[in-house]
Amino acid sequence: MATISLRKANTRLPPEVNRVLYVRNLPFNISSEEMYDIFGKYGAIRQIRIGTNKDTRGTAFVVYEDIYDAKTAVDHLSGFNVANRYLIVLYYQQAKMAKKVDQKKKEDEITRLQEKYGISTTKDK
């Protein structure tokens, strides 16, 4: 066991590596038990959140106890076939997610203002 922790101490990880994984392209009917079976093989899991809304179906967040377990899971499960769907497993990057939310808010604000002032984006014929 000492060799494993020694190997972990000598391993340099890229800056984007963290304990939280963002999983896309999941089957819509996957259960939490199946998620724990798939991802639990690579280490202790703290939490799994599966998307249930119309916008978040087919996605999940998986939080590992150890960063090295998360790295191993990404390395082994990216492209893994589940119910004829190939998983996309990424490290969760809060800055990128925040940008997407900000962009959505801006689009919603523009749409609201267009409706308020009666501005149409389509050209009349």
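**Notebook: aromatic rings and their neighbours**

I looked up Y92 to begin with, and its relative accessibility of 24% places it in the partly exposed class. I note that the model is a predicted one.

Entry on ring pairs. I searched the whole structure for aromatic pairs and found 2. Y22 and F61 make up a tilted pair, with 5.3 Å from centre to centre and 40° between the planes. I then checked where these two residues lie: Y22 belongs to strand β1 (residues 20-24) and F61 to strand β3 (residues 60-64), so the pair links distant parts of the chain, 39 residues apart.

F61 is partly exposed, at 29% relative accessibility.

Entry on F61 and Y92. I recorded that their ring centres are 5.3 Å apart and that their planes stand at 85°, so this pair is edge-to-face; the cut-off for that class is over 60 degrees. Y92 lies in the loop between β6 (88-91) and α4 (94-117), while F61 is in strand β3, so the pair ties together parts 31 residues apart in sequence. Taken together, ring pairs join Y22, F61 and Y92 into a cluster.

Entry on charges over a ring. Which residues did I find over the ring of F28? R57 lies over the face of F28, 4.1 Å from the ring centre. R85 also has its charged end over the ring of F28, at 5.7 Å from the centre.

Definitions and conventions
Residues numbered from 1 in each chain as written. Predicted model: local features only at pLDDT ≥ 70, side-chain atom pairs only at ≥ 80, totals over all residues. Heavy atoms only, no water. Phe/Tyr/Trp six-rings, centres within 6.5 Å; stacked < 30°, edge-to-face > 60°. Helix = DSSP H or I, 4+ residues; strand = E, 2+ residues; numbered from the N terminus. Buried < 20%, exposed > 50% of the residue type's maximum accessible area, 1.4 Å probe, protein only. Lys NZ or Arg CZ within 6 Å of the ring centre and 35° of its normal.
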